[in-house]
Amino acid sequence: MTTRPTTPTLPLDALERAAEVFRVLAHPVRLQLVERLDLDQPRSVGDLADELGLAHAACSQHLNLMRVHGLVERVREGRVAMYRIADPRAVVILNCIRAHAGPDAG
């Protein structure tokens, strides 16, 4: 017996966009970055890299990929690149991951 969804199916283009976001977020480092970023208070690449134990260049590459896909935005403060969450849905996705894969998940 097949169970059909109770809500209308999403258009293919919406599913393709969602899949692209999932591909971008499907890396542990990028998920850690989402955890550490904020909507209002930008953080520097250096601080984030040091906190995660990453090379600054590697951290910058992860952030840039997320920026290209609209998940984070870069703010310049002089010569320092600062990042913050641009799309709050990235946090919603992270919260879903927490709910389904966290220590109490089951």
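## Overall fold

Helices (H or I, at least four residues) and strands (E, at least two) are taken here as DSSP runs, numbered from the N terminus. On that basis the protein chain has five helices and three strands, in the sequence pattern α-α-β-α-α-β-β-α. The model is predicted: local features need pLDDT of at least 70, side-chain atom pairs count only at pLDDT 80 or more, and totals for chains, interfaces and linings use all residues. Residues are numbered from 1 along each chain as its sequence is written, and side-chain values use heavy atoms, with hydrogens and water left out.

The C-alpha trace of the protein chain spans about 60 × 35 × 25 Å along its principal axes. Of its 106 residues, 28% count as buried, where buried means under 20% relative accessible area, exposed over 50%, and partly exposed in between (1.4 Å probe, protein chains only). Contact means heavy atoms within 4.5 Å. Among contacts in the protein chain with a separation of 6 or more, 48% are between residues 24 or more positions apart.

Helix α2 covers residues 28-36. Its buried residues are V29, R30, L31, L33 and V34. The cover over these buried residues includes α1, α3 (45-52), α4, β3 and α5.

Helices α2 and α4 (residues 56-68) pack at an angle of about 75°, and their axes are 10 Å apart. That angle makes α2 roughly perpendicular to α4. From α2 the contact is made by V29, R30, L33 and V34, and from α4 by C59, H62, L63, L65 and M66. The axes are lines fitted to C-alpha atoms, for helices over the stretch in contact, and angles run from 0 to 180 degrees between N-to-C directions. Angles under 35 degrees count as roughly parallel, over 145 as roughly antiparallel, 65 to 115 as roughly perpendicular and the rest as oblique.

## The buried arginine R30

R30 is buried yet has no salt bridge, a salt bridge being a side-chain nitrogen of Lys or Arg within 4 Å of a carboxyl oxygen of Asp or Glu. The nearest side chain of opposite charge is E20, 9.0 Å away. For charge, Lys and Arg count as positive and Asp and Glu as negative, while His and the chain ends are not counted.

The side chain of R30 does make a polar contact with the side chain of H62, at 2.9 Å. A polar contact is a pair of N or O atoms within 3.5 Å; within protein, one must be able to donate a hydrogen and the other to accept it, and residues adjacent in sequence count only if both atoms are side-chain atoms. Leaving out residues up to four places away in sequence, R30 touches R23, V24, H62, L65 and M66.

## Salt bridges

The count comes to eight salt bridges. One of them joins R23 to E20, with the closest N and O atoms 2.9 Å apart. Both residues lie in helix α1 (residues 12-25), three residues apart, about one turn of the helix. An α-helix has 3.6 residues a turn, so residues three or four places apart point the same way. R23 is exposed, with a relative accessible area of 51%, and E20 is partly exposed at 29%.

R84 forms a salt bridge with E73, and here the closest N and O atoms are 2.6 Å apart. R84 lies in strand β3 (residues 80-85) and E73 in strand β2 (residues 72-77), so the pair ties together parts that are 11 residues apart in sequence. R84 is partly exposed at 22% relative accessible area, as is E73 at 32%. Salt bridges that share partners join E35, R36, R43, E51 and R98 into one network. Within that group, the side chains of E51 and R43 meet at 2.6 Å, N to O, and E51 is partly exposed, with a relative accessible area of 43%.

S44 is placed in strand β1 (residues 43-44) and counts as buried at 11% relative accessibility. A polar atom of its side chain lies 3.0 Å from the backbone nitrogen of D47. Apart from its neighbours within four places in sequence, S44 is in contact with V80, A81 and M82.

A101 is found in helix α5 (residues 89-101). A101 is exposed, with a relative accessible area of 59%. The C-alpha atoms of A101 and V34 are separated by 16 Å, the two residues being 67 residues apart along the chain.
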